[in-house]
Amino acid sequence: IVKALFMVSLLSILYTPTEVLLLGFKFICGLPNMTASECKDHHEKEFHRQYGSSPAHLAFLWQDILTCEDIVLEEKEKSERGFKDLLVAIYFLWTYPKNGSILSSAFGICPRLVQGEYLWRWVRIIQGLKKSKIVWPTVTYNDPNSQIFIISVDGVDFKTWELKHPTFSFDKGQYTKKKNHGGVKYEIAIDAHTGRVVWISGPHRGGLHDKTMYCLELKDKIPAGKKIICDRVYSAKEEPDDHAKLSLPSFTDSKELATFKTRVRSRHETFNGRIIFFRSLSDTYHHRHNHHKLVFEAVCILVINQMDHGNPLFS
């Protein structure tokens with residue numbers, strides 16, 4: 001009986017893609033209020049321009065948030081008002097306005113409601129899906145009869161305001177050569193066969209080498225006999241035992257293997273490109289430094305949600 005009552009209450013606060021589209025237009029100032037019969041394809045494209053995801057993707061995201069055991073929502077948040085706060089957080093991650101006044105003007109609400117914990121709580125809620133969305137398949141990877149090439153790995157860099165060094169005028173360790181700027185970096189691993197993200201770690205200082213970042217944690221997670229597909233930057237500071245786990249581009253690879261490894265690396269770059277479409281990661285990050293991890297992981301969850309519901313990485 002309790003389960004049945006829960007399902008009835010849940011259905012009352014779930015939204016269809018069409019309802020999400022109508023609410024998304026209703027919440028943002030300057031967009032037309034419509035009825036379901038007036039929705040056209042170009043309206044969905046406009047919705048995507050505003051939020052970075054389709055109405056269907058956000059309908060599934062809202063369902064995942066409501067049903068996730070790791071996320072505890074207050075009763076008042078399980079409502080249209082809570083869904084609006086979610087869309088504000090997604091809009092923030094997608095467009096990354098320069099200040100709260102711009103964000104509040106877009107939704108026609110008080111600036112106090114789009115700043116501080118009001119905003120970051122919903123970014124944290126999206127990030128709270130990490131445990132269920134990013135899973136390391138221990139049983140599969142430890143199976144000696146499973147595939148040898150299990151994942152691809154790569155580091156991604158993002159620009160941030162430079163933290164003040166306690167002694168020197170600047171800190172070279174925060175400098176990322178990829179961005180020619182102060183920044184942080186993260187490590188992402190994607191399953192070589194399913195295309196699912198199975199590991200992310202960070203933030204690490206911008207000056208940390210990808211190979212060093214790999215040796216901190218991920219190296220010890222790879223079972224004996226399995227290999228990681230990576231690019232040539234991982235050949236730096238080469239050690240004999242690295243060849244047992246790292247598979248770099250090599251002229252000794254067969255044509256079929258070289259093609260497979262190229263496609264896996266390209267697919268990984270596709271994921272990196274999708275997360276950088278979000279302005280909160282492509283622009284210079286100017287909020288609290290310890291919140292960057294929340295932003296990065298929340299954006300990863302949004303992209304993974306898109307992959308799970310109709311927009312996978314290419315095979």
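Which side chain of opposite charge is nearest to K245, and how far away is it?

A: In this predicted model, the side chain of opposite charge nearest to K245 is that of D220, at 5.3 Å. K245 is buried, yet it has no salt bridge. The reasoning rests on a cut-off: a salt bridge requires a side-chain nitrogen of Lys or Arg within 4 Å of a carboxyl oxygen of Asp or Glu, and the separation from D220 is 5.3 Å.

The side chain of K245 does, however, reach backbone oxygen atoms. One belongs to K219, at 2.8 Å. Another is the backbone oxygen of I222, at 3.1 Å. As to its place in the chain, K245 lies in the loop that links β5 (227–229) with β6 (246–247). Leaving aside residues up to four places away in sequence, K245 touches Y214, K219, D220, I222, K226, K227 and I228.

Strand β3 may be considered next. It comprises residues 181–191 and is mostly covered, with 10 of its 11 residues buried. Strand β1 (residues 149–159) pairs with β3 in the antiparallel sense over nine bridges; within this pairing, V156 has Y186 of β3 as its bridge partner. β3 also pairs antiparallel with strand β4 (residues 197–205), here over six bridges, and K185 stands opposite H204 in β4. Strand β2 (residues 175–176) is joined to β3 by two bridges, again in the antiparallel sense, and Y175 has G182 of β3 as its bridge partner.

Two hairpins involve β3. In the hairpin of β2 and β3, four residues lie between the strands, and N180 adopts a positive phi near 55 degrees. In the hairpin of β3 and β4, five residues lie between the strands, and G195 adopts a positive phi near 80 degrees.

Because 15 of its 17 residues are buried, α14 is largely enclosed by the rest of the structure. Just after α14, G310 takes a positive phi of about 105 degrees.

Methods. Residues numbered from 1 in each chain as written. Predicted model: local features only at pLDDT ≥ 70, side-chain atom pairs only at ≥ 80, totals over all residues. Heavy atoms only, no water. Buried < 20%, exposed > 50% of the residue type's maximum accessible area, 1.4 Å probe, protein only. Lys, Arg positive; Asp, Glu negative; His and termini not counted. Polar contact = N/O pair within 3.5 Å; in protein donor to acceptor, adjacent residues only side chain to side chain. Contact = heavy atoms within 4.5 Å. Pairing = 2+ DSSP bridges.
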